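Thanks for passing this one along. Here are my notes, written as numbered points so that you can follow them with the model open beside you.

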Amino acid sequence: QVQLVESGGGLVQPGGSLRLTCAASGRIFKVYTMGWYRQAPGKQRELVADVSDGGSTSFASSVQGRFTISRDNAKNTVYLQMNSLIPEDTAVYYCKATVLGGLLRNTYWGQGTQVTVSS
């Protein structure tokens, strides 16, 4: 089994920054794309940013230029640096990873971490 554990959420004022961390553990042979999604109350879950095992990144247009994503392949960890936060960034943020564990490639989700941007 594979587990994704997120950390780094919290309450921040508009214009502030937060860094989210997601670490994958368990029976892992290879981690492919890792990413962050978010879900605000009453809205669908949406992609925020992801990064391939080769380092290619993609971002939602709403966070382009404010958020950066990076990963440490040796630690099976992905980071989301969020700057210039605005109230519209308030949501539960979920980590997602595609992992080869044994013979099968599966997609896993973290439990979510709350990010609240408010004065």
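**Notes on the strands, the core and the side-chain contacts**

1. Strands β1 and β3 run antiparallel and are joined by 6 bridges. Strands here are DSSP runs of E with at least two residues, numbered from the N terminus, and two strands pair if DSSP finds at least two bridges between them. Across this pairing, Gln 3 stands opposite Ser 25 in β3.

2. A word on the source before going further. This is a predicted model, in which local features need pLDDT of at least 70 and side-chain atom pairs count only at pLDDT 80 or more, while totals for chains, interfaces and linings use all residues. Residues are numbered from 1 along each chain as its sequence is written, and side-chain values use heavy atoms, with hydrogens and water left out.

3. Which strands make up the open sheet, and in what order? There are 4, in the order β1-β3-β8-β7, with antiparallel pairing. The edges are β1 (2-7) and β7, each pairing on one side only. On average, neighbouring strands of this sheet are turned by 15 degrees against each other, direction ignored; the axes behind that angle are lines fitted to C-alpha atoms, and angles run from 0 to 180 degrees between N-to-C directions.

4. Strand β8 (residues 77-82) deserves a look of its own. Of its 6 residues, 5 are buried, where buried means under 20% relative accessible area, exposed over 50%, and partly exposed in between (1.4 Å probe, protein chains only). It is joined to β3 by 6 bridges, running antiparallel, and Leu 18 stands opposite Met 82 in β8. Strand β7 (residues 67-72) also runs antiparallel to β8, again with 6 bridges, and there Arg 71 stands opposite Val 78. The hairpin of β7 and β8 has 4 residues between the strands, and Asn 76 in it takes a positive phi near 50 degrees.

5. The structure holds 1 disulfide (a pair of cysteine sulfur atoms within 2.5 Å). Cys 22 is joined to Cys 95, S to S 2.1 Å. The two lie in distant parts of the chain, 73 residues apart: Cys 22 in strand β3 (residues 18-26) and Cys 95 in strand β9 (residues 91-101). The link is left-handed, with -80 degrees about the S-S bond, and both cysteines are buried.

6. The largest nonpolar core has 30 residues. Such a core is a set of buried Ala, Val, Leu, Ile, Met, Phe, Trp, Tyr and Cys residues joined through side-chain atoms within 4.5 Å. Among the residues with the most contacts inside it are Trp 36, Phe 67, Val 78, Leu 80 and Met 82. The largest share, 5 residues, comes from β9.

7. Rings of Phe, Tyr and Trp (its six-membered ring) pair if their centres lie within 6.5 Å, with planes under 30 degrees apart stacked, over 60 edge-to-face and the rest tilted. Tyr 37 and Trp 109 have ring centres 5.0 Å apart and planes at 65 degrees, so the pair is edge-to-face. Tyr 37 is buried at 17% relative accessible area, while Trp 109, at 36%, is partly exposed.

8. Finally, two arginines sit over tyrosine rings (CZ of Arg, or NZ of Lys, within 6 Å of the ring centre and within 35 degrees of the ring normal). Arg 45 lies over Tyr 94, 3.7 Å from the ring centre, and Arg 105 over Tyr 32, at 3.8 Å.
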